[in-house]
Amino acid sequence: MNHPSGFPLTRRGLIRAGAGVSLAALGLGVGAQTASAAVAATKRFDLTQPSHDLFRSKDTHGARVQQSFAFDWVNKFLFVATKRSGSTEADGDLCINKMDFAGNYISYMHLNGFGHGVAFAALPDGSGTELWIECAANTKGFGTALAPIPYMANTTLGSPAASAAYRPISGATEYTCSVDPVYQRMIVRYHTSDGKRIAVFPLSAFQTRNFGAPLVDFKQPAIPGTPQGYTLYGSYMYYLTGDAYPEPGVPVGDGNSYLTSVDINTGTVTQGPVLTKAGSTLHHREPEGLAVYRTDAGESRLFLGFATGVEGDRRSSIFYKNALV
């Protein structure tokens, strides 16, 4: 798989830190909660079309399940977030695995106290990568702000406090994000007293740390199932739900991994939930993560991930859809 052409590389004056260093100087960002403009309509992925393999059953640094993944689309690396071995769900400790596009493990970075890892972004930064990821985990293990973290191989980093990170939506209590590298936008899923909401920003807002009002902001529609990831392509959000299977004593069947697309201009479901059978023969097939990528040939792809393998030796498996309508 080749990296997409046509994306400028720019350095953004990132704060660099070594192992065990807190990023206390990140700064606080506050934004608005109402949409200021509509997003131009685009094509969308047809979720009923077949999925194709990127790779199956690849090793990561730790033995626990992957949570999500993200592409550095310029430097051609894949970053897979897994739970830290020996940590509880409430700890918010993550292991970020750097891999090539064949699924070969390269290096790791430990992020202590950051969050659950349901989604994150990997932005190109010259020859390096900046991870935009939730941080300052609450007592349930979910991040309460967003932080730009320079990826540093084989190091451990403690989370900055929420007050020293970025909170693009005023009043939100939890944040995650995912990037659309094709249309150069960032989608943010955040929590309020009224439930989950979705905001979309130009990617430049994150590159410059100047957020302003989001392009769109809407209440997430009701989608059944266990949330396992989301991402953005053009004017559509994609949402993954489901649980691990097979479980002891339960017939294999087709599982309950579903994909749904949402029109971000209306906040309504466009297609789905659609059952996906990608990797249906894998053991312990738990849906974990969505991401978008475009090849040099111009093919846009919606990638969906699964945590697979036996307990104590979980593996990463990733597939993609490429049919647009």
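Predicted model: local features only at pLDDT ≥ 70, side-chain atom pairs only at ≥ 80, totals over all residues.

Which strands each supply at least two residues of the lining of the largest pocket? They are E10, strand E11 (185-192) and strand E14 (227-233), where strands (E, at least two residues) are DSSP runs numbered from the N terminus.

Residues are numbered from 1 along each chain as its sequence is written, and side-chain values use heavy atoms, with hydrogens and water left out.

## Pocket and cavity

On a 1 Å grid over the protein atoms alone, a pocket is an open set of points with protein on both sides within 12 Å along at least five of seven lines, whereas a cavity is a set of points where a 1.4 Å probe fits but cannot get out; lining residues have an atom within 4 Å of a point. Grid points are joined across faces, edges and corners, and a volume is the space filled by probe spheres set on the points.

The largest pocket holds about 350 Å³ of space. It is lined by 19 residues, of which His116, Val118, Phe142, Arg189 and Pro227 are the closest to its centre. Strand E10 gives the largest share of this lining, three residues. By class, the pocket lining has six nonpolar, five polar and eight charged residues, with Ala, Val, Leu, Ile, Met, Phe, Trp, Tyr, Cys and Pro counted as nonpolar, Asp, Glu, Lys and Arg as charged, and the others, Gly among them, as polar.

The structure also holds one cavity of 30 Å³ or more, and the largest cavity contains about 60 Å³ of space. Its lining includes Phe69, Phe71, Trp73 and Phe120, together with Ser178, Thr231 and Val292. Strand E2 (66-72), strand E10 (174-180) and strand E18 (286-294) each supply at least two of the lining residues. In this cavity lining, ten residues are nonpolar, two are polar and none is charged.

## Strands and sheets

Strand E18, one of the contributors to the cavity lining, is largely enclosed by the rest of the structure, because eight of its nine residues are buried (buried means under 20% relative accessible area, exposed over 50%, and partly exposed in between, with a 1.4 Å probe and protein chains only). Two strands pair if DSSP finds at least two bridges between them, and E18 pairs with strand E19 (residues 300-308) in the antiparallel sense over seven bridges. Val292 stands opposite Leu302 in E19. The two strands E18 and E19 form a hairpin with five residues between them, and Gly298 in the turn has a positive phi of about 95°.

Strand E14, which supplies residues to the pocket lining, belongs to an open sheet of four strands in the order E14-E15-E16-E17, with antiparallel pairing. E14 and strand E17 (268-275) stand at the edges with a single partner strand each, so one side of each is left without a neighbour in the sheet. Within this sheet, E14 and strand E15 (residues 236-241) pair over six bridges in the antiparallel sense, and Tyr230 has Tyr239 in E15 as its bridge partner.

A further open sheet has three strands in the order E6-E7-E8, again with antiparallel pairing, and its edge strands, strand E6 (121-125) and strand E8 (143-150), each pair on one side only. Seven bridges join strand E7 (residues 128-137) to E8, and among the paired residues are Cys135 and, in E8, Ala145.

## Single residues

| Residue | Relative accessible area | Class |
|---|---|---|
| Cys95 | 2% | buried |
| Cys177 | 0% | buried |
| Gln184 | 27% | partly exposed |
| His284 | 10% | buried |

Gln184 lies in the loop between E10 and E11, and its phi is near 55°, a positive value in a residue other than glycine. His284 lies in the loop between E17 and E18, and phi of His284, near 45°, is likewise positive in a residue other than glycine. The peptide bond from Gly272 to Pro273 is cis, with omega near 0°, and Pro273 is found in strand E17. A search of the whole structure finds zero disulfides, a disulfide being a pair of cysteine sulfur atoms within 2.5 Å.
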